[in-house]
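Here are a few exercises to work through with the structure open beside you. Try each task before reading its solution.

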Amino acid sequence: MTELLQYVANGLVSGGIYAIVAVGFITIYNVSKVINLAQGEFLMLGGMVTVALIGMNLPYGLAALLAILAVTAIGIIMQKYVIDYVKKASPISLIILTIGISTLIRGIASFIWGKDAFALEPITSNEPLSFGGVTIATQSVWILAAVLIILFLLWYLMEKTILGKKINACSVNPMAARLMGISPTKMSMLAFAISGATGAVAGIVIAPLSVTSYDIGVLLGIKGFSAAILGGLGNPLGAAVAAFLLGIVESLGAGYVSSGMKDAIAFLVLIGMLLVKPSGLFGERSVGKGGL
Amino acid sequence: MKQLLQKWGKGFGIYVALMIVFPFVMPDEYYRSVGIIIGLHAIVTIGLCLVMGLAGQISLGQAAFWGIGAYTSAVLTTKYGLSPFVGLIASAIVPGLFAFILGRAIAGLQGYYLAMATLAFGYIVQIGITEWEPVTGGASGMISIPQVPFFGGSELSMYYLIWAVVTCVLLFSLNLLHSRVGRAFRAIHKSEIAATSMGIDVSKFKLNAFVVSGMFAGISGGLYAHYMGILDPQPFGLHESIKFLTMVVIGGMTSIWGALIGTVLIGFISEGLILLSEVIPGLQGDVDTIVFGGILVLIVMFMPEGLVPRIRSVYEKAQAKKAKEAAVKAQSGERVERKAAT
């Protein structure tokens with residue numbers, strides 16, 4: 001029983017990270033109908049830039065803040081100069097484009113920082129916490145807290161503010177939104193900024209728990225996207241739930257089946273889901289035209 | 001076939017000449033091995049081109065079929081002592097079967113879903129190869145895979161064997177392009193709905209393209225295993241799939257020749273980068289991924305149709321312009337003559 005609870009606890013932590021990635025995907029997708037396959041690289045950059053800045057003797061908090069700002073800026077630059085340039089491209093071209101961006105970022109990261117793995121100090125203590133036999137690292141608490149705060153803030157932004165209404169308007173009908181004086185390009189830029197910032201935060205909080213290196217973004221990105229598909233693309237809440245489920249299934253599989261097959265389990269779940277119900281567990285909240 | 005040779009006569013002649021001459025222009029064993037690897041990649045990319053350019057789909061798991069082919073032939077020959085030729089035939093059939101099953105399963109998927117499913121498939125295969133240790137040797141791989149007994153199995157004879165396969169694959173694909181099947185594929189690429197309404201069984205055609213591309217990749221993988229003599233799961237991952245993608249995209253998705261030329265181009269760029277990293281000592285990490293990523297981004301932004309179709313359209317425009325100028329000249333010349341006559 002404790003074993004089971006332990007696996008579930010581990011799964012919740014990795015599921016939380018997948019949730020941030022998944023929601024990042026959906027934030028961009030809802031506004032611009034682009035799946036940003038470079039989403040995972042935002043996490044990698046968040047962790048790596050923080051490590052690099054701490055290496056320059058900056059204090060932890062400042063380094064993290066600067067890293068978040070830098071990644072946000074990269075997201076905006078990406079939208080403004082690359083994605084916006086090819087507005088009318090077909091989905092296949094957009095897939096190739098964002099894969100290209102992701103490959104490019106990964107290559108540059110390996111060029112600057114090499115292929116070594118770096119460790120980041122935990123935010124608070126290194127002591128593991130114990131709840132009735134289940135031990136979790138203190139950092140895991142930070143991760144879950146960060147995840148929940150980010151999810152809450154995004155929910156608040158989208159549902160309770162005028163800005164969120166504007167973003168929603170662009171995803172429902174860009175033309176009508178433009179007639180109301182809302183610029184879809186600006187909203188799309190904002191979506192990229194939000195995904196960049198949340199991705200960077202996720203990358204920073206996960207770095208102390210698992211090491212960070214130039215190539216961690218690929219798997220995190222793909223699993224986040226798997227969660228987004230599982231939950232139904234376009235539905236942030238469904239994606240977050242699916243992400244936690246995916247994390248738990250993966251952790252159980254790694255524990256009871258084989259730890260080497262851990263990553264394969266997540267993908268088998270994805271392929272199975274695509275076969276049975278491509279619209280996801282909670283259905284695609286089909287907003288507007290120009291979807292897939 | 002005759003029609004084809006007429007249409008492609010010049011280009012095909014140049015290709016054959018270059019291919020035959022290359023090992024003698026660069027008589028270094030190293031460049032022969034580069035030529036062999038480029039040939040192996042070309043077999044895969046021509047297949048990928050059928051899937052992407054003609055059927056309008058995307059596959060981010062092509063390296064997985066490559067790997068399945070390589071391991072099929074390697075396991076059959078080393079563990080069961082079968083002839084490499086039997087192994088090579090199996091290395092076409094087994095990935096073809098995998099492609100058929102996967103293709104059937106994901107037939108209803110498009111765009112991002114398809115990209116994701118093939119990407120996930122690629123990961124599963126690579127993990128599966130690594131984990132299935134009793135058969136595949138796991139992460140440490142397999143050694144002493146027999147060579148193909150083709151004219152003594154020297155570097156030079158391997159080069160010709162592999163490029164002979166490339167030529168067969170190329171002719172098959174070009175022929176396909178100019179048949180009813182090819183026209184159907186182009187119709188699908190332009191508009192699936194219109195194609196369906198013209199009586200084309202879209203999903204069957206797509207599935208066929210997928211299976212053929214899997215078989216091509218498998219044959220190439222089998223040849224790769226026998227050529228290298230050793231195997232490990234590392235080259236059959238996402239990095240290689242993206243490399244194949246770059247090759248097809250740079251040459252032009254809709255052109256078979258584009259896939260071949262893109263493969264050669266990327267092959268030489270990779271070699272150039274290796275040379276460069278020897279000259280510049282500070283170069284670390286995957287410089288080639290920077291180049292591939294950059295190429296993908298720039299091509300989609302500025303030349304979405306790819307190199308070969310672009311060059312062809314520029315050439316055709318220039319031809320048309322020349323013809324027009326000649327016509328204008330002839331006309332004005334006529335006028336001058338007429339004036340002189342009056």
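This is a predicted model: local features need pLDDT of at least 70, side-chain atom pairs count only at pLDDT 80 or more; totals for chains, interfaces and linings use all residues.

**Exercise 1: the domains of chain B**

Task: work out which domains the assignment gives for chain B, and which elements of domain 1 touch domain 2.

Solution. Next, look at the spacing: the domain centres, taken over C-alpha atoms, are 42 Å apart. Now the contact itself: 14 residues of domain 1 of chain B meet five residues of domain 2 of chain B. On the domain 1 side, α11 and α12 (256-279) of chain B are the elements that give two or more residues. The largest share, four residues, is from α12(B). Sorted by class, that side has seven nonpolar, six polar and one charged residues.

**Exercise 2: where the chains meet**

Task: find which element gives the largest share of the side of chain B that touches chain A.

Solution. First the totals: 39 residues of chain B are in contact with 41 residues of chain A. On the chain B side, two or more residues each come from α5 (111-131), α11 (238-251) and α13 (287-302).

**Exercise 3: a helix pair**

Task: classify the packing of α2(A) and α8(A).

Solution. Take helix α2 (39-55) and helix α8 (184-206) of chain A: their axes are 7 Å apart, at an angle of about 55°. That angle makes α2(A) oblique to α8(A). Their crossing is right-handed. Among the contact residues are Phe42(A) and Gly46(A) of α2(A), and Gly199(A) and Ala200(A) of α8(A). By class, the contact has eight nonpolar, eight polar and no charged residues.

Key
Residues are numbered from 1 along each chain as its sequence is written. Chains are lettered from A and ligands numbered from 1 in the order in which they are written. Two residues are in contact if their C-beta atoms, placed from the backbone, lie within 7 Å. Axes are lines fitted to C-alpha atoms, for helices over the stretch in contact, and angles run from 0 to 180 degrees between N-to-C directions. Angles under 35 degrees count as roughly parallel, over 145 as roughly antiparallel, 65 to 115 as roughly perpendicular and the rest as oblique. A crossing is left-handed if the near helix is turned anticlockwise from the far one by less than a right angle, and right-handed if clockwise. Ala, Val, Leu, Ile, Met, Phe, Trp, Tyr, Cys and Pro count as nonpolar, Asp, Glu, Lys and Arg as charged, and the others, Gly among them, as polar. Domain bounds come from an automatic or database domain assignment.
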